[in-house]
Amino acid sequence: MAQGPNQYPALRDDFDQLTLEVLLTDVDLALTFTDVARNVSGQGAIAQTIRNARKAYNVISRERSKLAISEDDSSELDAKLVVLKRRLEELGETFD
């Protein structure tokens, strides 16, 4: 493996790709939380599930802005975030 300053761009690209994979997995999990919130009984369980989905939305939104990814990857992640936000709003969450 090459060492030195020339290695940085390749490492950064790898890091961004791995981070993208994690964020896509997280958004899918958060979407699952919203499905669970719609179908679970008990206010405590519903509230906790919504909190988990909202926390994921906040983290993904924050971390997404730090990535240098392709336009296609960016569009895929952004589209899933739009769906997640809409579902959270349907469950009573508000956004500034």
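## Two terms to start

A crossing is called left-handed if the near helix is turned anticlockwise from the far one by less than a right angle, and right-handed if clockwise. Helices (H or I, at least four residues) and strands (E, at least two) are DSSP runs, numbered from the N terminus.

What you're looking at is a predicted model, where local features need pLDDT of at least 70, side-chain atom pairs count only at pLDDT 80 or more, and totals for chains, interfaces and linings use all residues. Residues are numbered from 1 along each chain as its sequence is written, and side-chain values use heavy atoms, with hydrogens and water left out.

## The whole chain

Count the elements and you get 3 helices and 0 strands, running α-α-α from the N terminus. The C-alpha trace spans about 55 × 20 × 20 Å along its principal axes. Of the 96 residues, 31% are buried (under 20% relative accessible area, with exposed meaning over 50% and partly exposed in between; 1.4 Å probe, protein chains only).

## α1 beside α3

Helix α1 (residues 8-39) passes helix α3 (residues 71-90) in a left-handed crossing. Their axes (lines fitted to C-alpha atoms, for helices over the stretch in contact) are 10 Å apart, and the angle (on a scale from 0 to 180 degrees between N-to-C directions) is about 20 degrees. So the two helices, α1 and α3, are roughly parallel; that label covers angles under 35 degrees, while over 145 is roughly antiparallel, 65 to 115 roughly perpendicular and the rest oblique.

Who meets whom? Contact means heavy atoms within 4.5 Å, and the α1 side includes L20, L24, V27 and D28, while the α3 side includes E76, L77, K80 and L84. By class, this contact has 11 nonpolar, 2 polar and 8 charged residues. Here Ala, Val, Leu, Ile, Met, Phe, Trp, Tyr, Cys and Pro count as nonpolar, Asp, Glu, Lys and Arg as charged, and the others, Gly among them, as polar.

## A look at K80

K80 sits in helix α3 and touches L24, V27 and D28, leaving aside residues up to four places away in sequence. K80 and D28 are 52 residues apart in sequence, yet 7.9 Å apart in space, C-alpha to C-alpha. Because its relative accessibility is 22%, K80 counts as partly exposed.

## α1 beside α2

The axes of α1 and helix α2 (residues 43-64) come within 9 Å and cross at roughly 155 degrees. That's why α1 and α2 are roughly antiparallel. Among the residues making this contact are L23, A30 and F33 of α1 and I46, I50 and A53 of α2.
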